[in-house]
Amino acid sequence: MRTRKSARAGQYLALLAYLVFLAFPFLWLISTAFKPPRELGSLHPTWIPKDPTLANFRQAFDEQPLLDAALNSLIAAVGAAVIAVLIATPMAYVMARHRTRLARAATGWVVVSQAFPFVLVIIPLFLVLKNLRLINSVPGLIMVYVVWALPFALWMLVGYVRAVPTELEEAAAVDGAGRLRTLVSITAPLLAPGIVATALFAFISAWNEFFFALVLLKTPEKQTLPVVLTHFIGAEGVADLGPLAAAAFLATLPSLVVFAVIQKRITGGMLAGAVKS
């Protein structure tokens, strides 16, 4: 009994340490965003600003086009999430229901493709987009995000499709429903938590992505938010810390809000009671 309690206490301590490790940068970012310049340069920094101010936020909006960049990021992230889900859902259904050698090979390729570094694929993607005349355009960036998010989205949805009881599809087939009708009317509603989780992954990945946007977008008015944040760092590497923290704090809010709104759908048991015993 003592050993079990000690093990559980150790688990809670490890979890607490992990939470502190994750929360520290974000909490320090919030603190920095509201500090005046004299506190930012203090040799004895404090967690809570002694004289909180919104000047950093005003300066950030005055110096850089944050709203335009946020709109570009939103368009790219939403577009990539929607397209990736629309493509991955029927593909995942086929791979999960038809376990052939080709399906297993495709699954293996999906896993292996996640190990490819960005530098390895950026040149081929750049040449393809150049031939399509999509360089320096948000639609071209959306295409890249879809290609990058699709393997992991497909891998996630395959697991969700396999969790759907085949008895439901067999009953639909008996009633005369075809494969497409079964997928749209029976399987897709039960996949709602998986589809939401996959869309959330694609959205957050595209919203936070920096490397592809930096290489592909050259015009300032088309750049996304992560790229614009680098403009707060001077040529000599000296950061304008206050406005940078304020802008970075605002850039993290959409991901947090989206996750907070739909987390119940991710964890909800949509399959509970779907099959009669």
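Where does UniProt place the feature "transmembrane region"? The unreviewed entry puts it at residues 12–34, 74–96, 108–129, 141–161, 182–207 and 244–262. The structure here is a predicted model.

Take two of those spans. Residues 12–34 are 96% helix and 0% strand. Their end C-alpha atoms lie 32 Å apart. Residues 182–207 are also helical, at 96% helix and 0% strand. Here the end C-alpha atoms are 33 Å apart.

Now look at helix 9, residues 179–190. This helix has 12 residues. From first C-alpha to last it reaches 15 Å, close to the 16 Å expected at 1.5 Å a residue. Its buried residues are Thr-182, Leu-183, Thr-187 and Leu-190. They lie on the same side of helix 9, because they cover an arc of only 95° around the axis. An α-helix has 3.6 residues a turn, so residues three or four places apart point the same way. The face turned away from the buried side carries the exposed residues Leu-180, Arg-181 and Val-184. What covers the buried residues? The cover includes helix 4 (66–97), helix 8 (166–174) and helix 10 (192–208).

Next, the nonpolar cores. The largest has 42 residues. Leu-66, Leu-141, Tyr-145, Phe-212, Leu-229 and Phe-232 have the most contacts inside it. Follow Leu-66. Beyond its neighbours within four places in sequence, Leu-66 is in contact with Ala-60, Phe-61, Leu-225, Val-228, Phe-232 and Ala-247. A second, separate core has 18 residues, among them Ala-88, Tyr-93, Leu-183 and Leu-191. Leu-183 leads back to helix 9, where it is one of the buried residues.

Note on methods: Residues numbered from 1 in each chain as written. Predicted model: local features only at pLDDT ≥ 70, side-chain atom pairs only at ≥ 80, totals over all residues. Heavy atoms only, no water. Helix = DSSP H or I, 4+ residues; strand = E, 2+ residues; numbered from the N terminus. Expected span 1.5 Å × (residues − 1). Buried < 20%, exposed > 50% of the residue type's maximum accessible area, 1.4 Å probe, protein only. Arc of directions from axis to C-beta. Contact = heavy atoms within 4.5 Å. UniProt positions renumbered as here; feature names shortened; annotations may be inferred. Core = buried A, V, L, I, M, F, W, Y, C linked by side-chain atoms within 4.5 Å.
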